[in-house]
Amino acid sequence: MTDLTRLSAADLAAKLAAREVSSVEATQAHLDRIAAVDADIHAFLHVNAGALDAAAEIDRRRAAGEQLGELAGVPLAIKDVLVTTDMPSTSGSRILEGYMSPYDATVVARSRAAGLVPLGKTNMDEFAMGSSTEHSAYGATHNPWDLDRIPGGSGGGSAAAVAAFEAPLALGSDTGGSIRQPAHVTGTVGVKPTYGAVSRYGAIALASSLDQVGPVTRTVLDAGLLHDVIGGHDPHDSTSLEEAWPSFAAAAREGARGDVLKGLKVGVIRELPDAGFQQGVAESFRAALAAMEAQGAEIVEISAPHFEYGVAAYYLILPAEASSNLAKFDSVRFGMRVDVPGGTVEDVMAATRDAGFGDEVKRRVILGTYALSAGYYDAYYGSAQKVRTLIQRDFDEAFAQVDVIATPSAPTTAFRLGEKIDDPMQMYLNDVTTIPANLAGVPGISVPSGLAAEDGLPVGIQFLAPLRQDARLYRVGAAVEALLVDGWGGPLLDRAPLLNGEAR
Amino acid sequence: MAKDALMDFDEALELFEPVLGFEVHVELNTETKMFSAAPNPAHESNHDAAPNTLVAPVDMGLPGALPVVNAQAVRSSISLGLALGCSIAPSSRFARKNYFYPDLGKNYQISQYDEPIAFEGQVEVELEDGTLVQIPIERAHMEEDAGKLTHVGGATGRIQGAEYSLVDYNRAGVPLVEIVTKPIFGAEGRAPELAAAYVRAIRDIVIALGISEARMERGNLRCDANVSLRPRGQEKLGTRTETKNVNSMRSVQRAVRYEIQRQAAILAAGGSITQETRHWHEDTGTTSPGRPKSDADDYRYFPEPDLLPVAPSGALVEELRAALPEQPVARRRRLKGEWGFTDLEFQDVANGGLVDVVEATIAAGAAPAAARKWWTGEITRIANLQELEASDLVSPEAVAQLQALVDAGTLTDKLARQVLEGMIADEGTPQEIVDARGLAVVSDDGALIAAIDEALAAQPDVLEKIRDGKVQAAGAVIGAVMKAMKGQADAARVRELVLERAAQ
Amino acid sequence: MRHLGVLARIQLSDAEVERLTGQLDSIVSNIAKVSEVATADVVATSHPVALENVFRPDVPGAVLTVAQALQNAPDADDDRFRVTAILGEEQ
Ligand SMILES: [Mg+2]
Ligand SMILES: [Zn+2]
């Protein structure tokens with residue numbers, strides 16, 4: 001029998017719909033896989049004890065002839081930043097250990113309503129602050145391609161779960177690249193939708209004006225299918241867009257036919273020269289562009305002069321908003337409390353936040369407090385918001401010339417665990433390619449482009465599209481994916497090393 | 001607590017000019033809260049909710065929760081801004097005011113900072129003698145209320161000395177409009193009176209608009225009074241104190257007077273005023289120091305990223321402007337003329353909050369003088385005994401019906417008061433009560449004459465005296481007749497008939 | 001740094017203060033460059049997608065049960081959240 005864990009979500013869904021397999025079988029296969037490999041990967045913080053019951057319910061409804069969604073019965077891993085009623089939600093922080101939400105995040109509720117089966121909650125950098133998942137209070141996640149390396153971050157757990165075949169689909173959140181960069185280093189697909197395309201309600205806020213929830217998958221079509229489930233207007237989120245979105249799965253299917261590449265204008269940013277990237281990353285990127293060009297795409301050099309200020313602006317806006325968003329963790333209503341004998345509530349709050357937050361969180365909360373404090377607002381936060389305007393203008397001018405912009409998804413392949421942990425600024429510079437999309441709100445996708453020659457580790461190519469043009473990314477992403485997988489003779493992940501003595 | 005030295009009020013006024021300023025918080029009576037769909041405890045139907053039963057996730061800052069603005073709260077705020085003579089900002093926005101306090105679910109208050117919805121207005125205030133004063137308004141902005149703390153273990157329920165505190169988040173998120181005046185000059189010795197009159201004016205306006213319950217004892221309307229003194233002839237303003245949350249008009253008046261006397265004593269002794277908040281103590285009629293202004297008051301305001309600008313269209317503003325009720329001061333002036341009341345009579349009505357019910361009673365057919373007498377007299381007397389609002393006891397229509405029975409001679413004033421008791425006890429309409437209790441005046445002359453003849457026969461000496469022209473002797477007979485009729489006779493008619501019969 | 005710790009309500013140890021001071025100096029010197037291009041003529045963008053007037057009708061919706069509200073409370077008493085003595089004043 002086929003190994004159900006190696007199927008794409010679309011293929012698994014087809015078998016479920018045809019009743020070739022049951023959701024209970026599919027869910028059990030993934031639970032078995034988690035049991036077999038997650039001790040090494042540590043993608044999950046919590047495995048859903050109710051997963052098989054949820055699967056059985058879908059099977060019962062299908063047997064009763066109910067019309068179910070396309071993904072009904074397919075297992076789903078959920079980043080721990082999303083609140084869930086039946087599993088703890090910690091956002092990777094000690095301060096929220098054991099926290100149970102009385103409500104589901106909108107994306108979780110929509111996933112359940114579509115019949116997806118929550119498998120568990122995935123690991124992440126604490127409050128999504130990080131690019132390596134090493135800042136989780138519950139231990140690092142390991143990259144399935146090399147267990148000594150980082151799986152990216154903050155959504156390293158979701159990317160690793162999908163890359164290690166522990167789940168066919170996962171939900172992530174992307175504030176400065178937390179979906180796309182993990183996709184890059186794990187050979188998977190990640191999409192950051194247009195800001196407002198997917199509800200943020202129930203996503204534990206990091207930086208409200210940058211956060212966006214999105215799909216983490218192994219194929220572009222799977223991402224489209226999941227995006228169709230979670231996206232669309234939500235009245236609980238004031239920043240949610242009231243668009244009538246097209247089907248992103250349909251866009252991916254259309255793209256996979258390949259003809260979208262003909263005449264496609266692909267912008268390459270002059271200010272991001274190849275020299276700024278690890279050699280194997282730059283090579284993989286150029287090779288992917290060449291393959292696209294061979295299919296009729298036109299590569300156009302564009303200028304984005306303000307992107308170089310993106311990291312700086314990001315590391316002002318994010319800490320500022322985060323310092324405010326994380327103020328609610330004060331030991332009064334929920335979460336950890338450190339008692340201070342004879343102390344006042346102020347003492348208790350301060351001691352709790354010292355004990356409950358990790359170093360990176362403290363660093364950013366203090367930085368954000370500083371950036372907003374009297375006398376510094378204009379120079380820091382105010383200026384950063386202006387840089388945002390300038391980056392939006394860069395995008396507007398670029399998209400007047402090209403259909404999509406392409407960049408390597410990150411400067412390097414997966415670095416070693418511990419390598420950058422003591423140098424926050426080095427860690428921050430990792431986000432240079434992904435941050436502009438969050439600052440401007442535009443959508444981005446990372447699709448595997450190959451392996452870096454020097455270390456054999458995955459590389460991703462990122463495509464960016466104008467605001468609201470998410471469907472274009474699915475079309476282009478699926479076309480490039482089809483083209484490259486064709487060239488490789490099979491999915492990139494087929495070349496990942498075996499885990500835990502598994503037989504293929 | 002050391003007792004403050006106070007300077008004689010008149011002496012203080014000779015040396016110093018008082019400058020006032022007010023921040024009044026108005027709780028709107030919308031159905032739901034400012035940023036959540038939880039029922040609003042400041043709406044009349046939710047007054048007595050049990051602790052933490054009117055709480056949605058965003059009100060207690062649960063992880064992942066997001067605010068969404070209440071459309072009606074915006075409309076009410078615009079209406080209030082217009083009634084205060086303010087300009088309505090074509091675009092205004094929310095900001096976060098960051099500070100830690102256990103009654104604040106998110107540890108920031110969503111308020112408006114640099115872009116309030118309404119700005120630059122003025123309010124006409126009427127002093128007790130009818131003098132009109134214009135109070136300049138700086139701004140009116142939307143924000144949310146905080147939860148309620150109960151301090152346990154201290155001697156007086158105060159925060160000082162309390163062992164612990166309990167937090168109820170029902171009030172968290174109640175829509176507020178904060179009205180801030182500009183500095184008010186020239187009030188001089190009438191400053192205390194003006195303070196009370198200003199708060200009354202705001203109360204009258206919000207009641208006329210129907211946007212708040214405006215019950216000060218419930219905290220629907222809360223006044224912070226700023227007082228500073230400057231020596232005569234000095235240009236520069238003195239240091240001010242802010243006496244917080246004064247919860248009745250009388251207290252506002254007393255608190256302002258107290259601060260003038262206290263500050264004058266300090267300044268005259270060569271001391272200086274500390275810029276601080278102060279607390280008003282109803283029992284002792286004094287203020288005590290609260291929080292000094294410090295660099296911990298760095299609220300790190302920044303634009304609320306979870307909410308979008310409020311940009312009311314010109315059409316909406318004009319629609320709301322057209323729907324504004326007559327300004328309370330102007331309306332009072334008009335009604336006083338129409339009703340022909342003296343200053344004193346009208347103040348009785350106005351100060352008792354009875355303008356509306358008197359107006360409705362007159363509209364239902366009662367003469368103005370009669371309507372005034374009922375409401376400021378007997379009904380208010382009973383309301384005071386029962387510690388209720390006069391307007392809660394009976395309806396204006398029923399009072400008009402009662403007066404109609406008096407006018408028709410069916411009831412004497414004394415009988416009418418008995419009927420009123422029945423009305424308050426919910427025994428039915430005035431006519432029903434007259435019938436059920438058999439209270440109508442005996443207007444049948446036959447029955448009266450029979451009783452008179454019997455009384456005259458019983459008191460022959462009285463008859464003699466009357467016949468001798470000592471008319472005042474008739475009183476004894478009248479008394480006997482009234483007694484026989486159980487009071488249900490018109491004494492004047494009885495007198496007429498007695499004299500008539502005696503003459504025969 | 002101590003003052004920032006007070007504002008952010010984080011009790012920082014001496015060692016933390018020292019470490020953070022060094023790291024923040026380096027980070028701030030890197031990010032301060034935003035002011036180079038943030039000239040007066042550039043408007044600030046606080047939301048990536050410009051929307052306005054997003055409102056909710058004034059219609060009551062679901063509330064938490066008391067049990068749900070108190071579900072995660074570190075301490076509660078009498079259906080309310082319990083905290084130890086408060087030093088500061090209401091704002
Ligand atoms: Mg104030
Ligand atoms: Zn206020």
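Mentor: Welcome! Contact here means heavy atoms within 4.5 Å. The model is predicted, so local features need pLDDT of at least 70, side-chain atom pairs count only at pLDDT 80 or more, and totals for chains, interfaces and linings use all residues. Residues are numbered from 1 along each chain as its sequence is written, chains are lettered from A in the order in which they are written, and side-chain values use heavy atoms, leaving out hydrogens and water.

Trainee: How many residues does the contact take from chain B and from chain A?

Mentor: Chain B gives 31 residues and chain A gives 38 residues.

Trainee: How is the size of an interface often given?

Mentor: Often as the accessible area lost when the parts come together. Buried area is that loss with a 1.4 Å probe, summed over both parts. For chain B and chain A the value is about 2600 Å², with 62% on carbon and sulfur atoms. B:Pro63, B:Leu66 and B:Arg300 supply 23% of the area that chain B buries against chain A, more than any other three residues.

Trainee: And which residue forms a salt bridge with A:Arg200?

Mentor: A salt bridge is a side-chain nitrogen of Lys or Arg within 4 Å of a carboxyl oxygen of Asp or Glu. Here B:Asp306 is the partner of A:Arg200, with the closest N and O atoms 3.1 Å apart.

Trainee: How many salt bridges are counted between chain C and chain A?

Mentor: The count is 3, and one of them joins C:Lys33 to A:Glu308 at 3.5 Å, N to O. That contact takes 53 residues from chain C and 64 residues from chain A, and these two chains bury about 4900 Å² between them.
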